[in-house]
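Subject: Structure handover

Hello,

Here is the structure we talked about. Please load it first, then read the notes below.

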Amino acid sequence: NYNALNFAFGLSYSQHIRISPFLRIASSYETPVLSELSANPIGGGFNLDLKPIRSVNFEIGAKGKLLENFNYQTSLFRIESSNEILPFELQDFPGRDFFRNAGSTSRTGLECMLEYDDNNTWTSSLSYTFSNFKFKDYVLDNENLRGNLLPGIPQNTVNFRVRKEFPFAVSVTSQNQIIGMLYAEDKNAVVVPSYFRSDFLLQKTITIRKGSCTLSAGMNNLFNVQYFDNIRLNAFGARFYEAAPGRNFYLGVNVKF
C-alpha cells in the first residue's frame, strides 16, 4: 500500500500576445512499477526495499509571439527528488535489470523552443534543452557520488525540424537532432560521446472519395553516423552499448476513410 498527499500551485498571465509568463510549484509521488518491484535481487516476492520517488517541482517561464509568424516558449525548472529509482545489473544475471533507490537528486534545467509558420508552405521549429541533473546524496560501494551527473541523460539536446509544402499535396520534412555526451553508469567513469542525426521524409497525399492515401518515402540517419541506439545503465561487464542502425530507407502507405 502506498499513500501520498500532493499539492500543486500555478499562476499565469495571458493578457498580452507578446509575452505570457507562468509559474508553477507542485509535488509528485511516483510508485515503482510492477516490473521494478518484481525484479528482486535476493529472489522471491517483491523487492520491499524499493521506495517510491518523492519530488517537489519548481518552474517559471514565458510564451508568446516574437513576430507575426514566430512563436516561442521558454522555461527554467528545478526538481528536488528523493529515492530516485535507477537500474543496475548483477554478475549472476547478465542482461537482466534490477532497481535501487539512489538517495536524493537535484534536477535543474532550461527548455527553449522557437516555431515558425508562414501560414502557407513553410513550418519549422528549433528547441534546446539543458539538463543539469545531479546526485545530492547517494552512497554506492562505500563511495558518496554527490555531484555526479545522473546516467543516461545528456546535458545538451538540440532538435531542428523544417517542413516544406509543395503543390499537388507533396511535402518534404527534414528532422535533425544533436544529442550531447552522457554517462553510462552512476560513477561517471564511462562517457558516451555526443552525436548528430538527420532524417529525411518525402510525402504525397492523394484524395480518395471521402478519404485520403498518403505515400511516404524516408531516409533515416542521412549521414550514416555511428552512434548508440540504447544505453543499458549500470550494466555488468561494461555491456552498456546497443548499436544503432546506419543509413536506412523505408516506404509507407497510410489510408484514411
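In what order do the strands of the open sheet of 11 strands run, and with what pairing? The order is β1-β2-β3-β4-β7-β8-β11-β12-β15-β16-β19, and the pairing is antiparallel. β1 (8–12) and β19 stand at the edges with a single partner strand each, so one side of each has no neighbour in the sheet. From one strand to the next, the twist averages 15 degrees; axes are lines fitted to C-alpha atoms (for helices over the stretch in contact), with angles from 0 to 180 degrees between N-to-C directions. Two strands pair here if DSSP finds at least two bridges between them. In general, strands of a sheet pair through backbone hydrogen bonds, either parallel or antiparallel.

Some ground rules. This is a predicted model, so local features need pLDDT of at least 70 and side-chain atom pairs count only at pLDDT 80 or more, while totals for chains, interfaces and linings use all residues. Residues are numbered from 1 along each chain as its sequence is written, and side-chain values use heavy atoms, with hydrogens and water left out.

Overall picture

The protein has 1 helix and 19 strands. These are DSSP runs numbered from the N terminus: helices are H or I, at least four residues, and strands are E, at least two. The C-alpha trace spans about 65 × 45 × 35 Å along its principal axes. Of the 257 residues, 34% are buried (under 20% relative accessible area; exposed is over 50%, partly exposed in between; 1.4 Å probe, protein chains only). Take the contacts (heavy atoms within 4.5 Å) between residues at least 6 apart in sequence: 56% of them join residues at least 24 apart.

Strand β12 and Asn-176

β12 covers residues 170–179. β12 pairs with β15 (residues 195–208) in the antiparallel sense, over 10 bridges. Ser-171 has Gln-203 in β15 as its bridge partner. Asn-176 also sits in β12. Asn-176 is buried, at 12% relative accessible area. Its side chain makes a polar contact with the side chain of Ser-198, at 2.6 Å. A polar contact is a pair of N or O atoms within 3.5 Å; within protein, one must be able to donate a hydrogen and the other to accept it, and residues adjacent in sequence count only if both atoms are side-chain atoms. Beyond its neighbours within four places in sequence, Asn-176 touches Val-158, Asn-159, Phe-160, Phe-196, Arg-197 and Ser-198.

Phe-257

Phe-257 lies in the segment after β19 (248–256). Phe-257 is exposed, with a relative accessible area of 82%. Leaving aside neighbours within four places in sequence, Phe-257 contacts Lys-210 and Gly-211.

Two positive phi values

Most residues other than glycine have a negative phi. Asn-142 has a phi near 65 degrees. Asn-142 is in the loop between β9 (139–140) and β10 (143–144), and is exposed at 81% relative accessibility. Asn-234 has a positive phi of about 55 degrees. Asn-234 is in the loop between β17 (228–231) and β18 (241–243), but is buried at 10%.

Cavity

The whole structure holds 1 cavity of 30 Å³ or more. The largest cavity has about 30 Å³ of space. Its lining is Ser-131, Phe-133, Leu-149, Leu-150, Ile-153 and Gln-155. A cavity is a set of points, on a 1 Å grid over the protein atoms alone, where a 1.4 Å probe fits but cannot get out; lining residues have an atom within 4 Å of a point. Grid points are joined across faces, edges and corners, and volume is the space filled by probe spheres set on the points.

Best wishes

Key
1 Å grid on protein atoms, 1.4 Å probe; cavity = no way out; pocket = protein on both sides within 12 Å on 5 of 7 lines; lining within 4 Å.
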